[in-house]
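I looked up one thing at a time.

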Amino acid sequence: DADLAAQGEKVFKKCAACHQVGEGAKNKTGPVLNGVVGAPITHIEGFKYSKDFTDAHAEGFIWTEENLTAYLHKPKAMFPKTKMTFAGLKKDEEIAAVIEYLKSVSQ
Ligand code: HEM
């Protein structure tokens, strides 16, 4: 829904130091997030991901909304050695909103 996506755009400011989305997005400290919702983990070819991530890819891990919700709540709880040095988002509403934003910018 558009309202939730608009809220998510604000939340994404916390991610934008490392991630870009949309047309012309480039990898920065973190990979481009276009199309990530529903994609296999390590969805960007050429980005150097952590071993935790490449191992999960080999096991068929998918960024379902459920998995994204858990990861964004506390990245290191799900992948202890993830290169994403981000504590996480505390509020469930923020997480739902940022996921909706990611879906809206990159179908
Ligand atoms: C990976 C989302 C904040 C750095 C990822 C992935 C997602 C994501 C979905 C998996 C990408 C994939 O599998 O291709 C977000 C969101 C953020 C956020 C929504 C804000 C709420 C940050 C910040 C940083 C960062 C602030 C840098 C300090 C990274 C890095 C990876 C990553 C380096 C690769 C992790 C690895 O290889 O272990 N992020 N991120 N992210 N993110 Fe973030």
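Before the first entry I noted the cut-offs: a residue counts as exposed over 50% relative accessible area and as buried under 20%. I also noted that this is a predicted model.

Entry: glutamate 23. I found glutamate 23 in the loop between helix 1 and helix 2. I then looked up its separation from lysine 103: the two are 80 residues apart in sequence, and their C-alpha atoms are 14 Å apart in space.

Entry: the iron atom. Which protein atoms are donors of the iron atom of the ligand? I found NE2 of His19 and SD of Met84, lying 2.0 to 2.1 Å from the iron. Around the iron atom there are 6 donor atoms, and the angles they subtend run from 86 to 179 degrees, which makes the arrangement octahedral. I next placed the two residues along the chain. Histidine 19 is in the loop between helix 1 (2-11) and helix 2 (51-58), and methionine 84 is in the loop between helix 4 (75-78) and helix 5 (92-105), so the pair ties together parts that are 65 residues apart in sequence. I checked the exposure of histidine 19 as well: its relative accessible area is 10%, so histidine 19 is buried.

Entry: the largest pocket. I read its space as about 530 Å³. The lining has 28 residues, and those nearest the centre of the pocket are His19, Pro31, Leu33, Tyr71 and Met84. Helix 3 (65-73) and helix 5 are the elements that give two or more residues to this lining. Helix 3 gives the largest share, 3 residues. I sorted the lining by type and got 18 nonpolar, 8 polar and 2 charged residues.

Entry: the largest nonpolar core. How many residues does the largest nonpolar core have? I wrote down 25, and the residues with the most contacts inside the core are Phe12, Ile41, Phe53, Trp63, Phe79 and Val98. At least two residues of this core come from each of helix 2, helix 3 and helix 5. Helix 5 supplies the largest share, 5 residues.

Entry: phenylalanine 12. I took up one of the core residues by itself. Phenylalanine 12 lies in the loop between helix 1 and helix 2. Its relative accessibility is 6%, so phenylalanine 12 counts as buried. Phenylalanine 12 and valine 105 are 93 residues apart in sequence, with 12 Å between their C-alpha atoms.

Entry: isoleucine 99. I located isoleucine 99 in helix 5. At 3% relative accessibility, which is under 20%, isoleucine 99 counts as buried. From isoleucine 99 to threonine 69 I noted 30 residues in sequence and 8.1 Å in space, C-alpha to C-alpha.

Entry: threonine 42. What is phi of threonine 42 near? I noted 60 degrees, a positive value in a residue other than glycine. Threonine 42 sits in the loop between helix 1 and helix 2. Its relative accessible area is 16%, so threonine 42 is buried.

Notes. Residues are numbered from 1 along each chain as its sequence is written. This is a predicted model: local features need pLDDT of at least 70, side-chain atom pairs count only at pLDDT 80 or more; totals for chains, interfaces and linings use all residues. Side-chain values use heavy atoms; hydrogens and water are left out. Donors are N, O and S atoms within 2.8 Å of the metal (3.2 Å for Na, K and Ca); water is not among the atoms, so sites may look incomplete. Four donors count as tetrahedral if all angles lie between 85 and 135 degrees; four count as square planar and six as octahedral if opposite donors are over 155 degrees apart and all others between 65 and 115; anything else is irregular. Helices (H or I, at least four residues) and strands (E, at least two) are DSSP runs, numbered from the N terminus. Buried means under 20% relative accessible area, exposed over 50%, partly exposed in between (1.4 Å probe, protein chains only). On a 1 Å grid over the protein atoms alone, a cavity is a set of points where a 1.4 Å probe fits but cannot get out, and a pocket is an open set with protein on both sides within 12 Å along at least five of seven lines; lining residues have an atom within 4 Å of a point. Grid points are joined across faces, edges and corners, and a volume is the space filled by probe spheres set on the points. Ala, Val, Leu, Ile, Met, Phe, Trp, Tyr, Cys and Pro count as nonpolar, Asp, Glu, Lys and Arg as charged, and the others, Gly among them, as polar. A nonpolar core is a set of buried Ala, Val, Leu, Ile, Met, Phe, Trp, Tyr and Cys residues joined through side-chain atoms within 4.5 Å.
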